[in-house]
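Please look over the sequence and the structure below before reading on.

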Amino acid sequence: MSTQADILFEPFRLGNLLLPNRIVMPPLTRSRATQPGDAPNEMNAEYYRQRAGAGLIISEATQISRQGKGYVFTPGIYTDEQIDGWRRVTDAVHQAGGRIHLQLWHVGRISHPALQAEGAQPVAPSAIKPRGAQTFISADSGMVDIPQPRALSKDEIPGIVNQYRVGAENARRAGFDGVQIHAANGYLIDQFLRSGSNQRDDEFGGSLENRLRFPMMVVDAVLSVWGADCSGIRVSPTGSFNDMYDDDPVATYGTFAERLNRTGMSYLEVVEDSFQGNHAGGRPEQVIDAIRAGYKGCYIANGGYSADEARRRIKAGRCDLVSFGRPFIANPDLPERFRCHAQLNEWDSASFYGGDERGYTDYPRLADAN
Ligand SMILES: Cc1cc2nc3c(=O)[nH]c(=O)nc-3n(C[C@H](O)[C@H](O)[C@H](O)COP(=O)(O)O)c2cc1C
(Lines give C-alpha, C1' and ligand atoms only; values in the text may rest on other atoms or scores of the structure.)
Protein backbone atom coordinates (compact mmCIF):
# COMPACT_ATOMS: atom_id res chain seq x y z
CA MET A 1 0.00 0.00 0.00
CA SER A 2 1.33 3.44 -0.88
CA THR A 3 1.66 5.85 2.03
CA GLN A 4 1.44 8.87 -0.31
CA ALA A 5 -1.66 11.02 0.01
CA ASP A 6 -4.24 10.30 -2.67
CA ILE A 7 -4.37 13.32 -4.99
CA LEU A 8 -8.08 12.69 -5.67
CA PHE A 9 -8.74 13.71 -2.08
CA GLU A 10 -6.76 16.92 -2.10
CA PRO A 11 -9.28 19.72 -1.47
CA PHE A 12 -9.77 22.17 -4.32
CA ARG A 13 -10.97 25.78 -4.34
CA LEU A 14 -13.50 26.17 -7.17
CA GLY A 15 -14.75 29.75 -7.32
CA ASN A 16 -16.65 30.31 -4.10
CA LEU A 17 -16.70 26.62 -3.15
CA LEU A 18 -14.14 24.52 -1.33
CA LEU A 19 -14.42 21.00 -2.74
CA PRO A 20 -13.34 18.20 -0.40
CA ASN A 21 -12.12 16.09 -3.33
CA ARG A 22 -11.37 16.21 -7.08
CA ILE A 23 -14.17 13.84 -8.02
CA VAL A 24 -17.06 15.44 -9.94
CA MET A 25 -20.41 13.94 -10.85
CA PRO A 26 -21.07 15.21 -14.38
CA PRO A 27 -24.49 15.94 -15.87
CA LEU A 28 -26.45 12.73 -16.42
CA THR A 29 -29.93 12.75 -17.94
CA ARG A 30 -32.07 10.12 -16.23
CA SER A 31 -35.51 11.09 -17.60
CA ARG A 32 -37.47 10.61 -14.40
CA ALA A 33 -39.15 14.00 -13.81
CA THR A 34 -42.81 14.05 -12.71
CA GLN A 35 -45.37 14.11 -15.54
CA PRO A 36 -47.00 16.30 -16.63
CA GLY A 37 -44.92 19.35 -15.76
CA ASP A 38 -41.33 18.05 -15.98
CA ALA A 39 -40.70 18.84 -12.29
CA PRO A 40 -38.14 17.06 -10.10
CA ASN A 41 -39.64 14.90 -7.34
CA GLU A 42 -38.72 13.14 -4.09
CA MET A 43 -37.18 10.17 -5.91
CA ASN A 44 -34.90 12.54 -7.84
CA ALA A 45 -33.92 14.27 -4.56
CA GLU A 46 -33.03 10.90 -3.05
CA TYR A 47 -30.83 10.02 -6.08
CA TYR A 48 -28.82 13.24 -5.76
CA ARG A 49 -28.69 13.00 -1.96
CA GLN A 50 -27.07 9.56 -2.29
CA ARG A 51 -24.31 11.07 -4.45
CA ALA A 52 -23.54 14.13 -2.27
CA GLY A 53 -20.04 12.79 -1.51
CA ALA A 54 -18.90 14.11 -4.90
CA GLY A 55 -16.63 17.17 -4.75
CA LEU A 56 -19.25 18.79 -6.98
CA ILE A 57 -22.48 17.48 -8.52
CA ILE A 58 -23.58 18.93 -11.84
CA SER A 59 -27.28 18.23 -12.39
CA GLU A 60 -28.72 16.44 -15.37
CA ALA A 61 -29.35 18.71 -18.37
CA THR A 62 -32.36 20.90 -17.58
CA GLN A 63 -34.36 22.70 -20.26
CA ILE A 64 -34.67 26.46 -19.88
CA SER A 65 -37.92 26.61 -21.90
CA ARG A 66 -40.45 24.40 -23.62
CA GLN A 67 -38.65 25.19 -26.87
CA GLY A 68 -35.41 23.94 -25.30
CA LYS A 69 -36.84 20.48 -24.58
CA GLY A 70 -35.72 17.54 -26.70
CA TYR A 71 -36.63 14.35 -24.86
CA VAL A 72 -39.58 13.09 -22.88
CA PHE A 73 -39.40 13.13 -19.04
CA THR A 74 -36.44 15.53 -18.71
CA PRO A 75 -36.75 18.27 -16.06
CA GLY A 76 -37.17 21.99 -16.71
CA ILE A 77 -36.31 25.20 -14.83
CA TYR A 78 -38.90 27.61 -16.21
CA THR A 79 -42.06 27.05 -14.10
CA ASP A 80 -42.70 27.56 -10.37
CA GLU A 81 -43.44 23.86 -9.99
CA GLN A 82 -40.06 22.97 -11.51
CA ILE A 83 -38.23 25.49 -9.33
CA ASP A 84 -39.95 24.05 -6.23
CA GLY A 85 -38.99 20.55 -7.33
CA TRP A 86 -35.35 21.53 -7.75
CA ARG A 87 -35.46 23.18 -4.31
CA ARG A 88 -36.13 19.73 -2.83
CA VAL A 89 -33.07 18.41 -4.64
CA THR A 90 -30.71 21.22 -3.60
CA ASP A 91 -31.94 21.02 0.02
CA ALA A 92 -31.30 17.27 0.06
CA VAL A 93 -27.78 17.65 -1.34
CA HIS A 94 -26.91 20.47 1.03
CA GLN A 95 -28.26 18.60 4.05
CA ALA A 96 -26.01 15.70 3.08
CA GLY A 97 -23.00 18.07 2.94
CA GLY A 98 -22.74 18.34 -0.86
CA ARG A 99 -22.58 21.04 -3.52
CA ILE A 100 -24.62 21.17 -6.74
CA HIS A 101 -24.69 23.20 -9.96
CA LEU A 102 -27.53 23.14 -12.50
CA GLN A 103 -26.80 22.36 -16.15
CA LEU A 104 -28.66 24.92 -18.32
CA TRP A 105 -29.91 23.28 -21.52
CA HIS A 106 -31.49 24.27 -24.81
CA VAL A 107 -31.49 21.39 -27.28
CA GLY A 108 -31.89 23.46 -30.46
CA ARG A 109 -32.46 21.06 -33.35
CA ILE A 110 -32.34 17.87 -31.22
CA SER A 111 -36.09 17.86 -30.64
CA HIS A 112 -39.33 16.90 -32.30
CA PRO A 113 -42.63 18.72 -32.96
CA ALA A 114 -44.32 16.22 -30.59
CA LEU A 115 -42.33 17.76 -27.71
CA GLN A 116 -42.81 21.40 -28.72
CA ALA A 117 -45.70 23.77 -27.93
CA GLU A 118 -48.35 23.51 -30.68
CA GLY A 119 -46.22 21.06 -32.63
CA ALA A 120 -43.69 23.74 -33.57
CA GLN A 121 -40.68 22.90 -35.68
CA PRO A 122 -37.45 22.76 -33.62
CA VAL A 123 -34.95 25.59 -34.10
CA ALA A 124 -31.24 25.67 -35.01
CA PRO A 125 -28.60 28.03 -36.39
CA SER A 126 -29.10 26.47 -39.82
CA ALA A 127 -31.81 24.26 -41.34
CA ILE A 128 -29.62 21.16 -41.30
CA LYS A 129 -31.10 17.84 -40.25
CA PRO A 130 -28.73 15.88 -37.99
CA ARG A 131 -28.17 12.57 -39.75
CA GLY A 132 -28.88 9.55 -37.61
CA ALA A 133 -29.91 11.58 -34.54
CA GLN A 134 -32.89 10.27 -32.60
CA THR A 135 -34.98 11.01 -29.52
CA PHE A 136 -37.77 9.60 -27.35
CA ILE A 137 -41.09 11.45 -27.59
CA SER A 138 -43.15 9.28 -25.22
CA ALA A 139 -42.78 6.31 -22.89
CA ASP A 140 -43.67 3.86 -25.63
CA SER A 141 -42.48 5.69 -28.77
CA GLY A 142 -39.13 3.95 -29.01
CA MET A 143 -36.44 6.02 -30.69
CA VAL A 144 -37.73 8.34 -33.42
CA ASP A 145 -35.77 10.30 -36.02
CA ILE A 146 -35.06 13.99 -35.52
CA PRO A 147 -36.68 16.02 -38.34
CA GLN A 148 -35.21 18.98 -40.18
CA PRO A 149 -35.14 22.13 -37.98
CA ARG A 150 -35.80 25.68 -39.10
CA ALA A 151 -33.05 28.31 -38.97
CA LEU A 152 -33.51 30.94 -36.27
CA SER A 153 -33.96 34.47 -37.53
CA LYS A 154 -31.51 37.03 -36.21
CA ASP A 155 -34.35 38.75 -34.36
CA GLU A 156 -35.11 35.64 -32.33
CA ILE A 157 -31.62 35.31 -30.88
CA PRO A 158 -31.88 37.90 -28.06
CA GLY A 159 -35.01 36.10 -26.83
CA ILE A 160 -33.12 32.82 -26.64
CA VAL A 161 -30.24 34.44 -24.78
CA ASN A 162 -32.88 35.75 -22.39
CA GLN A 163 -34.15 32.20 -21.82
CA TYR A 164 -30.68 31.35 -20.49
CA ARG A 165 -30.67 34.43 -18.26
CA VAL A 166 -34.07 33.56 -16.79
CA GLY A 167 -32.97 29.93 -16.37
CA ALA A 168 -29.94 31.17 -14.45
CA GLU A 169 -32.15 33.32 -12.23
CA ASN A 170 -34.50 30.43 -11.61
CA ALA A 171 -31.54 28.25 -10.63
CA ARG A 172 -30.75 30.80 -7.92
CA ARG A 173 -34.32 30.66 -6.66
CA ALA A 174 -34.05 26.87 -6.55
CA GLY A 175 -31.04 27.03 -4.23
CA PHE A 176 -28.24 25.84 -6.52
CA ASP A 177 -24.61 26.75 -5.75
CA GLY A 178 -23.99 27.73 -9.36
CA VAL A 179 -24.67 26.78 -12.96
CA GLN A 180 -23.00 25.01 -15.85
CA ILE A 181 -23.81 26.14 -19.39
CA HIS A 182 -24.34 23.11 -21.65
CA ALA A 183 -22.26 23.85 -24.76
CA ALA A 184 -21.52 20.19 -25.55
CA ASN A 185 -22.95 17.12 -27.27
CA GLY A 186 -24.64 18.72 -30.24
CA TYR A 187 -27.21 20.92 -28.49
CA LEU A 188 -27.99 24.56 -29.31
CA ILE A 189 -24.77 26.31 -28.24
CA ASP A 190 -22.64 23.55 -29.76
CA GLN A 191 -24.68 23.87 -32.98
CA PHE A 192 -23.64 27.52 -33.20
CA LEU A 193 -20.00 26.80 -32.26
CA ARG A 194 -19.10 24.10 -34.75
CA SER A 195 -18.77 24.61 -38.46
CA GLY A 196 -20.67 21.45 -39.48
CA SER A 197 -24.00 22.65 -38.00
CA ASN A 198 -23.58 26.42 -38.43
CA GLN A 199 -23.71 27.59 -42.02
CA ARG A 200 -25.24 31.00 -41.41
CA ASP A 201 -24.10 33.96 -43.45
CA ASP A 202 -24.96 36.69 -40.93
CA GLU A 203 -22.92 37.76 -37.90
CA PHE A 204 -23.80 34.50 -36.07
CA GLY A 205 -22.10 32.18 -38.55
CA GLY A 206 -19.40 31.73 -41.12
CA SER A 207 -16.15 32.91 -39.52
CA LEU A 208 -14.99 31.56 -36.17
CA GLU A 209 -15.51 35.03 -34.72
CA ASN A 210 -19.15 34.87 -35.79
CA ARG A 211 -19.69 31.32 -34.57
CA LEU A 212 -18.48 32.37 -31.11
CA ARG A 213 -20.93 35.28 -30.92
CA PHE A 214 -24.05 33.46 -29.67
CA PRO A 215 -22.13 31.27 -27.17
CA MET A 216 -20.43 34.35 -25.71
CA MET A 217 -23.76 36.21 -25.49
CA VAL A 218 -25.10 33.31 -23.42
CA VAL A 219 -21.98 33.32 -21.23
CA ASP A 220 -22.37 37.05 -20.57
CA ALA A 221 -26.06 36.67 -19.75
CA VAL A 222 -25.41 33.84 -17.28
CA LEU A 223 -22.48 35.65 -15.67
CA SER A 224 -24.68 38.72 -15.21
CA VAL A 225 -26.81 36.60 -12.89
CA TRP A 226 -24.27 34.36 -11.15
CA GLY A 227 -20.90 36.06 -11.50
CA ALA A 228 -17.81 34.26 -12.73
CA ASP A 229 -17.13 32.44 -9.45
CA CYS A 230 -20.27 30.34 -9.60
CA SER A 231 -20.39 29.58 -13.32
CA GLY A 232 -18.87 26.96 -15.57
CA ILE A 233 -19.34 25.58 -19.05
CA ARG A 234 -19.10 22.19 -20.77
CA VAL A 235 -17.75 21.48 -24.27
CA SER A 236 -17.14 18.37 -26.39
CA PRO A 237 -14.64 19.52 -29.04
CA THR A 238 -14.32 16.26 -31.00
CA GLY A 239 -17.57 14.54 -30.04
CA SER A 240 -19.58 13.20 -32.95
CA PHE A 241 -22.84 12.51 -31.08
CA ASN A 242 -25.86 14.17 -32.75
CA ASP A 243 -24.02 14.39 -36.09
CA MET A 244 -21.52 17.00 -34.93
CA TYR A 245 -18.35 18.00 -36.69
CA ASP A 246 -15.92 20.92 -36.77
CA ASP A 247 -13.33 21.71 -39.44
CA ASP A 248 -10.68 22.86 -36.99
CA PRO A 249 -11.32 22.01 -33.34
CA VAL A 250 -7.88 23.25 -32.26
CA ALA A 251 -8.69 26.76 -33.51
CA THR A 252 -12.36 26.73 -32.49
CA TYR A 253 -11.84 25.53 -28.94
CA GLY A 254 -8.47 27.20 -28.38
CA THR A 255 -10.05 30.56 -29.26
CA PHE A 256 -13.24 29.86 -27.30
CA ALA A 257 -11.11 28.90 -24.27
CA GLU A 258 -9.21 32.15 -24.49
CA ARG A 259 -12.47 34.15 -24.66
CA LEU A 260 -13.85 32.28 -21.66
CA ASN A 261 -10.63 33.00 -19.81
CA ARG A 262 -11.22 36.73 -20.23
CA THR A 263 -14.56 36.40 -18.42
CA GLY A 264 -12.97 34.72 -15.41
CA MET A 265 -15.51 31.90 -15.55
CA SER A 266 -14.49 29.42 -12.88
CA TYR A 267 -14.42 26.13 -14.77
CA LEU A 268 -14.43 24.48 -18.16
CA GLU A 269 -15.47 20.85 -18.34
CA VAL A 270 -14.21 19.06 -21.43
CA VAL A 271 -15.70 15.83 -22.76
CA GLU A 272 -12.41 14.51 -24.09
CA ASP A 273 -13.71 11.15 -25.14
CA SER A 274 -17.13 9.55 -25.18
CA PHE A 275 -18.82 6.24 -25.74
CA GLN A 276 -21.36 8.31 -27.71
CA GLY A 277 -18.79 8.95 -30.47
CA ASN A 278 -15.49 10.79 -30.90
CA HIS A 279 -13.84 11.89 -34.14
CA ALA A 280 -10.46 11.91 -32.39
CA GLY A 281 -10.44 8.20 -31.55
CA GLY A 282 -9.05 8.86 -28.07
CA ARG A 283 -8.25 11.97 -26.02
CA PRO A 284 -7.58 14.86 -28.47
CA GLU A 285 -4.29 15.95 -26.90
CA GLN A 286 -3.71 18.83 -29.32
CA VAL A 287 -7.13 20.29 -28.65
CA ILE A 288 -6.56 19.86 -24.92
CA ASP A 289 -3.21 21.69 -25.27
CA ALA A 290 -4.93 24.57 -27.08
CA ILE A 291 -7.64 24.79 -24.43
CA ARG A 292 -5.10 24.69 -21.60
CA ALA A 293 -3.06 27.41 -23.31
CA GLY A 294 -6.08 29.70 -23.61
CA TYR A 295 -7.96 29.00 -20.40
CA LYS A 296 -6.34 29.35 -16.97
CA GLY A 297 -9.30 28.48 -14.75
CA CYS A 298 -10.22 25.04 -13.45
CA TYR A 299 -10.17 22.31 -16.12
CA ILE A 300 -12.47 19.36 -15.49
CA ALA A 301 -11.67 16.33 -17.63
CA ASN A 302 -14.35 13.82 -18.62
CA GLY A 303 -14.81 10.66 -20.62
CA GLY A 304 -13.91 7.06 -19.88
CA TYR A 305 -11.78 7.85 -16.85
CA SER A 306 -10.77 5.33 -14.22
CA ALA A 307 -9.61 6.54 -10.80
CA ASP A 308 -6.01 5.69 -11.69
CA GLU A 309 -6.04 7.53 -15.00
CA ALA A 310 -7.56 10.52 -13.18
CA ARG A 311 -4.75 10.45 -10.60
CA ARG A 312 -2.13 10.25 -13.34
CA ARG A 313 -3.51 13.11 -15.38
CA ILE A 314 -4.06 15.40 -12.41
CA LYS A 315 -0.46 14.75 -11.31
CA ALA A 316 0.78 15.41 -14.84
CA GLY A 317 -1.01 18.78 -14.87
CA ARG A 318 -3.42 17.78 -17.67
CA CYS A 319 -6.49 18.59 -15.56
CA ASP A 320 -7.54 19.82 -12.12
CA LEU A 321 -10.66 17.73 -11.51
CA VAL A 322 -12.15 14.68 -13.21
CA SER A 323 -15.81 13.82 -13.70
CA PHE A 324 -17.04 10.23 -13.81
CA GLY A 325 -20.40 9.68 -15.49
CA ARG A 326 -21.47 6.07 -15.72
CA PRO A 327 -19.45 5.09 -12.62
CA PHE A 328 -21.53 7.59 -10.60
CA ILE A 329 -24.78 6.14 -11.94
CA ALA A 330 -23.87 2.72 -10.55
CA ASN A 331 -21.94 3.82 -7.43
CA PRO A 332 -23.65 6.35 -5.18
CA ASP A 333 -20.58 6.24 -2.90
CA LEU A 334 -18.03 6.48 -5.72
CA PRO A 335 -15.53 8.70 -3.82
CA GLU A 336 -15.55 6.29 -0.87
CA ARG A 337 -14.88 3.38 -3.22
CA PHE A 338 -12.01 5.26 -4.86
CA ARG A 339 -10.56 6.10 -1.45
CA CYS A 340 -10.32 2.48 -0.42
CA HIS A 341 -9.68 1.05 -3.90
CA ALA A 342 -12.87 -1.00 -3.64
CA GLN A 343 -14.56 -2.76 -6.52
CA LEU A 344 -17.19 -0.77 -8.43
CA ASN A 345 -20.75 -1.84 -9.17
CA GLU A 346 -21.40 -2.24 -12.90
CA TRP A 347 -23.90 0.06 -14.55
CA ASP A 348 -27.07 -1.21 -16.19
CA SER A 349 -27.58 0.77 -19.39
CA ALA A 350 -31.14 -0.51 -19.85
CA SER A 351 -32.25 1.65 -16.90
CA PHE A 352 -30.30 4.82 -17.79
CA TYR A 353 -33.31 6.67 -19.21
CA GLY A 354 -36.78 6.61 -17.69
CA GLY A 355 -38.44 4.22 -15.26
CA ASP A 356 -38.61 4.04 -11.48
CA GLU A 357 -36.21 3.44 -8.56
CA ARG A 358 -34.75 0.40 -10.24
CA GLY A 359 -31.37 1.22 -11.72
CA TYR A 360 -31.70 4.68 -10.17
CA THR A 361 -31.71 4.81 -6.36
CA ASP A 362 -31.19 1.10 -5.65
CA TYR A 363 -27.47 0.65 -6.44
CA PRO A 364 -25.82 -0.62 -3.22
CA ARG A 365 -23.26 1.29 -1.20
CA LEU A 366 -20.19 -0.45 0.19
CA ALA A 367 -21.65 -0.16 3.66
CA ASP A 368 -24.65 -2.25 2.55
CA ALA A 369 -22.35 -5.22 1.95
CA ASN A 370 -21.05 -5.27 5.54
C1 LIG B 1 -27.29 8.13 -19.08
C2 LIG B 1 -26.43 9.29 -19.53
C3 LIG B 1 -26.98 10.55 -19.54
C4 LIG B 1 -26.18 11.66 -19.90
N5 LIG B 1 -26.73 12.91 -19.84
C6 LIG B 1 -25.95 14.00 -20.05
C7 LIG B 1 -26.46 15.31 -19.83
O8 LIG B 1 -27.60 15.51 -19.39
N9 LIG B 1 -25.65 16.36 -20.12
C10 LIG B 1 -24.36 16.19 -20.57
O11 LIG B 1 -23.65 17.17 -20.80
N12 LIG B 1 -23.85 14.94 -20.75
C13 LIG B 1 -24.60 13.86 -20.48
N14 LIG B 1 -24.07 12.60 -20.60
C15 LIG B 1 -22.63 12.43 -20.87
C16 LIG B 1 -21.86 12.23 -19.57
O17 LIG B 1 -21.89 13.39 -18.76
C18 LIG B 1 -20.38 11.87 -19.84
O19 LIG B 1 -19.81 12.86 -20.67
C20 LIG B 1 -20.25 10.51 -20.50
O21 LIG B 1 -20.99 9.53 -19.80
C22 LIG B 1 -18.78 10.09 -20.57
O23 LIG B 1 -18.25 9.99 -19.26
P24 LIG B 1 -18.03 8.56 -18.53
O25 LIG B 1 -17.18 7.73 -19.47
O26 LIG B 1 -17.33 8.89 -17.25
O27 LIG B 1 -19.37 7.94 -18.35
C28 LIG B 1 -24.84 11.47 -20.28
C29 LIG B 1 -24.31 10.17 -20.29
C30 LIG B 1 -25.08 9.09 -19.89
C31 LIG B 1 -24.48 7.71 -19.85
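A pocket here is an open set of points on a 1 Å grid over the protein atoms alone, where a 1.4 Å probe fits and protein lies on both sides within 12 Å along at least five of seven lines. About 1000 Å³ of space lies in the largest pocket, a volume being the space filled by probe spheres set on the points, which are joined across faces, edges and corners. This is a predicted model, in which local features need pLDDT of at least 70 and side-chain atom pairs count only at pLDDT 80 or more, while totals for chains, interfaces and linings use all residues. Residues are numbered from 1 along each chain as its sequence is written, and side-chain values use heavy atoms, with hydrogens and water left out.

**The pocket lining**
- The largest pocket is lined by 48 residues (each with an atom within 4 Å of a point), and Thr-29, Phe-241, Phe-275, Gln-276 and Tyr-353 lie nearest its centre.
- With 3 residues, α10 gives the most to this lining, where helices are DSSP runs (H or I, at least four residues) numbered from the N terminus.

**The ligand**
- The ligand sits in the largest pocket, meaning that more than half of its atoms lie within 2 Å of the pocket's grid points.
- A backbone N or O atom of Pro-27 lies 2.8 Å from an oxygen atom of the ligand, and a polar backbone atom of Gly-304 is 2.7 Å from an oxygen atom of the ligand, where a polar contact is a pair of N or O atoms within 3.5 Å.
- An N or O atom in the side chain of Asn-185 is 3.3 Å from a nitrogen atom of the ligand.

Terms used
A polar contact is a pair of N or O atoms within 3.5 Å; within protein, one must be able to donate a hydrogen and the other to accept it, and residues adjacent in sequence count only if both atoms are side-chain atoms. Helices (H or I, at least four residues) and strands (E, at least two) are DSSP runs, numbered from the N terminus.
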